Amino acid sequence: MITDRDIEKIFGEFLKQIKDRKMRQMTMKVWVDGCRDGGWKTLKELEKMPFTLLTDCHGVNFIEHTKAVTAGAMGLARAQTDSYRKLPYRIDMDRLIVGGLLHDVGKLLETTPDGKGGYKKSKTGACLRHPISGTVMAKMAGFPDEVANIIACHAKEGEGAPQVIETVFIHQADFATFNPLVMKNGGKLIE
Ligand SMILES: [Fe+2]
């Protein structure tokens, strides 16, 4: 079974930057419950899971993706706080980190081993894409609507929808990891 300790092992560098202790614990709980409900029993299993089924990930796994998106979104936020004399909106760093760690947590239910060494979309995934299942998971754990907005609206579901500023940063950081792979796989990334 994947425990709080395992989640601390993989995301500790980010978890320790969440100032609100309760939010930190709730983030770990959503991950632990998601691993249990998705049938992910060990970190080893989890570390083999590709971050998307939509394109060849070239070995980039789900954990690496989650970290890259969280770090990327934090970088985008810092770029503005460090460069602007006056920030036109308030950025909540706790919310941003939690949103980064949870934006794709629904994939724990959406993706499943196919029994042939690969991965496929699960029945849950066919019914609910990860932004929807992840939103339900976060709301059930007690997260506020603003965190739910990040998860619900970080992908195509959020196009044109009202968003908190943290959703904007997570969305951009997410697509900065996804688009280059799609371009590479389509022969459109100049290398
Ligand atoms: Fe993502």
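Axes here are lines fitted to C-alpha atoms, for helices over the stretch in contact, and angles run from 0 to 180 degrees between N-to-C directions. Helices are DSSP runs of H or I with at least four residues, numbered from the N terminus.

Two notes before moving on. The model is predicted: local features need pLDDT of at least 70, side-chain atom pairs count only at pLDDT 80 or more, and totals for chains, interfaces and linings use all residues. Residue numbers run from 1 along each chain as its sequence is written.

**Stop 1: between α9 and α10**

Select Asn149, Ile150 and Cys153 in α9. They meet Glu166, Thr167 and Ile170 in α10. Contact means that the C-beta atoms of two residues, placed from the backbone, lie within 7 Å. This contact of α9 with α10 divides into three nonpolar residues, two polar and one charged. Ala, Val, Leu, Ile, Met, Phe, Trp, Tyr, Cys and Pro count as nonpolar, Asp, Glu, Lys and Arg as charged, and the others, Gly among them, as polar. The crossing of α9 and α10 is right-handed. A crossing is right-handed if the near helix is turned clockwise from the far one by less than a right angle, and left-handed if anticlockwise.

**Stop 2: along α10**

Select Ile165, which is found in helix α10. A residue is buried if 20 or more other C-beta atoms, placed from the backbone, lie within 10 Å of its own, exposed if 12 or fewer, and partly exposed in between. Leaving out residues up to four places away in sequence, Ile165 touches Tyr89 and Ile91. Ile91 is 74 residues away along the chain, yet the two C-alpha atoms are separated by 6.7 Å.

Now select Thr177, also placed in α10. Thr177 is partly exposed, with 18 other C-beta atoms within 10 Å. Which residues does Thr177 contact, leaving aside neighbours within four places in sequence? They are His65, Ala68 and Val69.

**Stop 3: α5 against α10**

Select residues 93-102 for α5 and 165-185 for α10. Their axes are 9 Å apart, and the helices pack at an angle of about 40°. That makes α5 oblique to α10. The crossing is right-handed. On the α5 side are Arg95, Leu96, Gly99 and Gly100; on the α10 side, Glu166, Phe169 and Ile170. By class, this contact has three nonpolar, two polar and two charged residues.

**Stop 4: α4 against α5**

Thr66, Val69, Thr70, Ala73, Met74 and Ala77 in α4 meet Met93, Leu96, Ile97, Gly100 and Leu101 in α5. By class, the contact has eight nonpolar, three polar and no charged residues.

**Stop 5: the core**

Which residues have the most contacts inside the largest nonpolar core? They are Ala73, Leu102, Ala138, Val147 and Ile151, in a core of 38 residues. A nonpolar core is a set of buried Ala, Val, Leu, Ile, Met, Phe, Trp, Tyr and Cys residues joined through C-beta atoms within 7 Å. Helices that each supply at least two residues include α1 (4-15), α2 (21-38), α8 (130-141) and α9 (145-153). The largest share, six residues, comes from α9. Select Ile151: among the residues it touches are Gly99, Leu102, Pro131 and Ala138.

**Stop 6: a loop residue**

Finish at His58, in the loop between α3 (43-48) and α4. His58 is exposed, with 10 other C-beta atoms within 10 Å. Phi of His58 is near 50°, a positive value in a residue other than glycine. Most residues other than glycine have a negative phi.

Key. Parallel < 35°, antiparallel > 145°, perpendicular 65-115°, else oblique.
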